[in-house]
Amino acid sequence: EQSGVKEPPKEKLVLVPPKAADTVKAAPPQALSESDRIEIQRVLKELETAETLARMYRKLIRTQTSRCVRNAQALLEEVNRLFRATAACLLVKIPHAHGITIHAQAGKPLVWGEGGKEGFPVSTSVVAEVIRNRKPVKSDLGSAPATESMIMHSIEAAAAAPVFFNGEIVAILYVDRREGLQPFDVHDMRALEKVSKVFEEFPDLTLGLV
């Protein structure tokens, strides 16, 4: 200013939107060994599980306890998709009784017990083992222990996890695979335990418990 020399005008920064190709997800890394393959599977499953959990929590926003069955069904649709299962359901204990019934489900229809209803029977043996051991359980026809009920009803792979409320099992999250789908692995079981916690955290919105 004092010398009378004007500064050259500053160049404006032009922001160019990214090309469509820039937003495409990168391909999964290639495994160089068996241990690498297992680690890649674990990481990808954890990422997929985290994304599923985020969608499950979002689906509970502004929901009401009076719609707990519908809320649970919406969450089960996410569970069914995560495990690429044939069907998924939430089993609950009948109040003031010793029986169990299906509270909500997703995928192909499931049935519990001998009622003559149409649908895939739930593996009673797997459910009983979850109640007895108080922890997630899996079983498949390709390896021991394939349970009697699984063989009888052609259940190729089943997995279930307990849902606790005040220290007691109040529900069981159950998924099964049929028609040639893969058995549940250790990564699936970790994921199943994580998604079952959503029902524990919001028993009012998913089970009608307060």
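**View 1. Two aromatic pairs are counted in this predicted model.** Rings of Phe, Tyr and Trp (its six-membered ring) pair if their centres lie within 6.5 Å; planes under 30 degrees apart are stacked, over 60 edge-to-face, and the rest tilted. Tyr-57 and Phe-202 pair edge-to-face, at 6.2 Å centre to centre and 70 degrees between the planes. Tyr-57 lies in helix 1 and Phe-202 in the loop between helix 5 and helix 6 (203–206), so the pair ties together parts 145 residues apart in sequence. Helices (H or I, at least four residues) and strands (E, at least two) are DSSP runs, numbered from the N terminus. Tyr-57 is partly exposed at 32% relative accessible area. Phe-202 is partly exposed at 28%. Buried means under 20% relative accessible area, exposed over 50%, and partly exposed in between (1.4 Å probe, protein chains only).

**View 2. Phe-83 and Phe-184 form an edge-to-face pair.** Their centres are 6.4 Å apart, with 65 degrees between the planes. Phe-83 sits in the loop between helix 2 and strand 1 (87–93). Phe-184 sits in the loop between strand 7 (168–177) and helix 5, 101 residues away. Phe-83 is buried at 1% relative accessible area, and Phe-184 is buried at 4%. The charged end of Arg-177 sits over the ring of Phe-184, 4.1 Å from its centre. Such a charge has NZ of Lys or CZ of Arg within 6 Å of the ring centre and within 35 degrees of the ring normal.

**View 3. Helix 1 spans residues 34–59.** Its 26 residues should span 38 Å at 1.5 Å a residue, and its end C-alpha atoms are 37 Å apart, which agrees. The expected span is 1.5 Å times one less than the number of residues. Ile-40, Lys-45, Thr-49, Thr-52, Leu-53 and Met-56 are buried in this helix. Their cover includes helix 2 (68–82) and helix 5 (186–201).

**View 4. Ile-102 belongs to strand 2 (residues 100–107).** Ile-102 is partly exposed, at 21% relative accessible area. Beyond four places in sequence, Ile-102 touches Cys-89, Leu-90, Leu-91, Leu-110, Val-111, Trp-112 and Val-122. Contact means heavy atoms within 4.5 Å. The C-alpha atoms of Ile-102 and Cys-89 are 6.8 Å apart. Cys-89 is buried, with 0% relative accessible area.

**Notes.** Residues are numbered from 1 along each chain as its sequence is written, and side-chain values use heavy atoms, without hydrogens or water. In this predicted model, local features need pLDDT of at least 70 and side-chain atom pairs count only at pLDDT 80 or more, while totals for chains, interfaces and linings use all residues.
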